[in-house]
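The following questions and answers are intended for reading alongside the sequence and the 3D structure.

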Amino acid sequence: MVMAVNTVISVPTNSICIFAATAVLLYDHCWRGRRGSNVWLLGVALLACLFTKESAAFLYPSFLLAGFYYGRQGWREKRHIAIPFILAPLVYLAVVAWLSGGLTVVIETYKSYSAMQGSIPYALKYQTGPWFRYLVDFALLSPAVVVLAIVGASCPHANQGTTDGRRLALIYLLSGVAVFSLLPILNVRFVLFLQLYISAFAVVGLQTLCERLIPSQRFRAPVLAALVVLVISSEVSQFNKIFLAAQVYDPITPELLRAAGFVH
């Protein structure tokens, strides 16, 4: 569903999802000691995120929490990973200040933009709400995927490598929801990159259900493939229902509720 929503919204939204996923992958490679050049590539990915959408700065708490998890067994030899996180915003500010005519202009622009958020009628009416609004919106967009993601996130797994990855995904998902829920404007468009983790948990959920419900390995693979097809079909159906039949452009909660038939 995330790709479908992105098609309706904008190219920058597609870009921030790609760059954010790339940054997360490179960050993981940096902590696991793979190629030293990954540190600089991470800086490029972070810079691309900032240039695509300034709100990418709110991803930093997620990286910090993930860093605590990575570094639980030692972090001193990995201090160089902090370099791209420091340089990327500095380069961003330098370029933006140069293009706009000075750092003062940049600061005043962002101050004005921040002040506007509390006075835009559309935002006040449709883009505010409780912290769990994002969870509701994801459930309305992709109900089958969200249910499977809950299964995948809650069920233990015997493979330690998989457990490690699931914990990291959970850190990124929960911290992302928490941070972006604190912003004055709430719109699922801002957090579509979190669908990456929801979808990953959904895959784990499907696998877990097949392992527990189908004892025979002979039939497990075809059943899993059939379930994947059903979930993809559900996503396509949701896209047609929300964005084609109901003509939703901005996926705010009232519009998603209307498309789902809960309100008229």
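Q: Which residue follows α13, and is its phi positive or negative?
A: This is a predicted model, in which local features need pLDDT of at least 70, side-chain atom pairs count only at pLDDT 80 or more, and totals for chains, interfaces and linings use all residues. Residues are numbered from 1 along each chain as its sequence is written, and side-chain values use heavy atoms, with hydrogens and water left out. Helices (DSSP runs of H or I, at least four residues) are numbered from the N terminus. The residue that follows α13 is glycine 261, and its phi, near 90°, is positive.

Q: Is glycine 261 buried, partly exposed or exposed?
A: Buried means under 20% relative accessible area, exposed over 50%, and partly exposed in between (1.4 Å probe, protein chains only). Glycine 261 is found in the segment after α13. Because its relative accessible area is 45%, glycine 261 is partly exposed.

Q: Within what arc do the buried residues of α13 fall, seen down its axis?
A: Helix α13 covers residues 253-260, and its buried residues are Thr253, Leu256 and Ala259. These buried residues line one face of the helix, because seen down the axis they fall within an arc of 125°. The arc is that of the directions from the helix axis to the C-beta atoms.

Q: Which helices are included in what covers the buried residues of α13?
A: Contact means heavy atoms within 4.5 Å. The cover over the buried residues of α13 includes α8 (133-141) and α12 (217-245).

Q: Is glutamine 127 buried or exposed?
A: Glutamine 127 has its place in the loop between α7 (121-126) and α8. Not counting residues up to four places away in sequence, glutamine 127 touches several residues, among them Tyr122, Arg133, Pro184, Asp250 and Ile252. Because its relative accessibility is 6%, glutamine 127 counts as buried.

Q: Are α5 and α6 roughly parallel or roughly perpendicular?
A: Helix α5 (residues 82-100) packs against helix α6 (residues 103-116) at an angle of about 100°, with the axes 7 Å apart. Axes are lines fitted to C-alpha atoms, for helices over the stretch in contact, and angles run from 0 to 180 degrees between N-to-C directions. Angles under 35 degrees count as roughly parallel, over 145 as roughly antiparallel, 65 to 115 as roughly perpendicular and the rest as oblique. The angle therefore makes α5, relative to α6, roughly perpendicular.

Q: How many nonpolar, polar and charged residues does the contact of α5 with α6 have?
A: From α5 the contact takes Tyr92, Leu93, Val96, Ala97 and Ser100, and from α6 Leu103, Val105, Val106 and Tyr110. Ala, Val, Leu, Ile, Met, Phe, Trp, Tyr, Cys and Pro count as nonpolar, Asp, Glu, Lys and Arg as charged, and the others, Gly among them, as polar. By class, the contact has 8 nonpolar, 1 polar and no charged residues.

Q: Which exposed residues does α4 carry on the face turned away from its buried side?
A: In helix α4 (residues 60-70), the buried residues are Ser62, Phe63, Ala66, Gly67, Tyr69 and Tyr70. They line one face of the helix, because seen down the axis of α4 they fall within an arc of 155°. The face turned away from that buried side carries Leu64 and Phe68.

Q: Which residues is serine 175 in contact with, leaving aside its neighbours within four places in sequence?
A: Serine 175 is found in helix α10 (residues 160-181), and because its relative accessibility is 7%, serine 175 counts as buried. A polar atom of its side chain lies 3.3 Å from the backbone oxygen of tyrosine 172. Beyond its sequence neighbours, serine 175 is in contact with Ser62 and Leu65.

Q: What separates the C-alpha atoms of glycine 152 and phenylalanine 201?
A: Glycine 152 has its place in helix α9 (residues 143-154), and its relative accessible area of 0% makes it buried. Among the residues that glycine 152 touches are Arg166 and Phe201. Although glycine 152 and phenylalanine 201 are 49 residues apart along the chain, their C-alpha atoms are separated by 4.8 Å.

Conventions:
Helix = DSSP H or I, 4+ residues; strand = E, 2+ residues; numbered from the N terminus. Polar contact = N/O pair within 3.5 Å; in protein donor to acceptor, adjacent residues only side chain to side chain.
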